[in-house]
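This briefing goes through a few features of the structure shown here, grouped by topic. Please keep the coordinates open while reading.

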Amino acid sequence: LGRLYGPLTAMSNVQVDVMTALVSFERVLEVLDLEPSVAEKPDAADLRRAVAARGASIELDAVTFRYPRADEVSLASLEAVATLRKDPVGDTLHEVSFAVPAGAMVALVGPSGAGKTTVSQLVSRMYDPTSGSVRIAGLDLRDVTLDSLRGTVGVVSQEAHLFHDTIAENLRYARPGATDAELAAALRGAHIWDLVAGLPEGLETVVGDRGYRLSGGERQRLAIARLLLKAPDVVVLDEATAHLDSESEAAVQAALDVALSGRTSLVIAHRLSTVRAADLIVVLEDGRVAESGTHAALLAAGGLYADLYATQFADTTTV
Ligand code: ATP
């Protein structure tokens, strides 16, 4: 990747089409867990210690956020540049506040463009809020080491990125040095061990575009196996919208149940089963919290959630 910095630094005027081309690098960086555009303070605290002492609660306190413009970001932060638009308009989030107790699940719902992904990116500290704060275990994310933050927060995105490499090596990105027995345990937890064990080369099977082609649901379960290996205390999950056949869907759901159990989770929810199971549902609209509460309370309130329920969730079959 070092080779990229020279040409990039030479570009004084980054255009939108160049940024589009960089998106694939952003995806690679995401998988490699390279550091984003945020800085670590010299006296940063160890988040893992705080989580061990107090549990992994999450609080957003009056979080307002405006995406930085591309020309406001140093070119050294490749990951941030790749995601930026040239002319973002105004604040994306306005005074968003909510609290998730340790071990609880919060579901984010809302119309397209409401800010769900943006909230999830602030919780994994891809960006810092423009004002307000995001805290885990009571610590402002700006005050903790990046290493301890990466160890505490695991992210599962809709599309699982696999390298053209063996299943074993794809999993070891999450925990270098993991033994084959540890890989097998994670694959069992993710409900995909039987498939892997049944392949002629097992863990050494090469996957990816030019290797063994895994289905969408299988890729998701491998991503969940990665998460189990990493064993973070907080999980940020973008639930897949892609339609899986019902067998895959059930396997992915079973794997997620294992992965989320006992962890604090923030889920961009697309399934009725998820919002029903959530301890707290936060309904976003135009970057603001429109309402929040449990499924039953929000339905009874008859507001935006009740509308979304009728249009977005009621036709999903998984309950
Ligand atoms: P969806 O359900 O469609 O994924 P969402 O609720 O996750 O939507 P976000 O992706 O958080 O919404 O987007 C919120 C707003 O921020 C949108 O207006 C979007 O265009 C804008 N936005 C998202 N990413 C960027 C970016 N990198 N730079 C500038 N603006 C962005």
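In this predicted model, Gly217, Gln220, Arg221, Ile224, Leu227 and Leu228 of helix α10 make contact with Ser248, Ala251, Val252, Ala255, Leu256 and Ala259 of helix α11. By residue class, this contact between α10 and α11 is made up of eight nonpolar, three polar and one charged residue.

**Helix pair**
- Helix α10 spans residues 216-230 and helix α11 spans residues 246-260, and the two pack at an angle of about 10° with their axes 9 Å apart.
- Angles under 35 degrees count as roughly parallel, and α10 and α11 are therefore described as roughly parallel to each other.

**Sheet**
- An open sheet is built from four strands in the order β2-β1-β4-β5, with antiparallel pairing.
- Strands β2 (93-100) and β5 (139-140) are at the edges and have a single partner strand each, so one side of each is left without a neighbour in the sheet.
- The antiparallel pairing of β1 (residues 58-65) with β2 runs over five bridges, and Ile58 has Val100 in β2 as its bridge partner.
- Helix α5 (residues 116-123) lies across β1, β2 and β4 (131-136), and runs at about 120° to β1.

**Loop residues with positive phi**
- Arg125, which is placed in the loop between α5 and β4, has a phi near 50°, a positive value in a residue other than glycine; Arg125 counts as buried because 21 C-beta neighbours lie inside 10 Å.
- His191, in the loop between α8 (180-189) and α9 (193-198), has a positive phi near 60°, and with 22 C-beta neighbours inside 10 Å His191 counts as buried.
- For context, most residues other than glycine have a negative phi.

Terms used
Residues are numbered from 1 along each chain as its sequence is written. This is a predicted model: local features need pLDDT of at least 70, side-chain atom pairs count only at pLDDT 80 or more; totals for chains, interfaces and linings use all residues. Two strands pair if DSSP finds at least two bridges between them. Two residues are in contact if their C-beta atoms, placed from the backbone, lie within 7 Å. Axes are lines fitted to C-alpha atoms, for helices over the stretch in contact, and angles run from 0 to 180 degrees between N-to-C directions. Angles under 35 degrees count as roughly parallel, over 145 as roughly antiparallel, 65 to 115 as roughly perpendicular and the rest as oblique. Ala, Val, Leu, Ile, Met, Phe, Trp, Tyr, Cys and Pro count as nonpolar, Asp, Glu, Lys and Arg as charged, and the others, Gly among them, as polar. A residue is buried if 20 or more other C-beta atoms lie within 10 Å of its own, exposed if 12 or fewer, and partly exposed in between; C-beta atoms are placed from the backbone.
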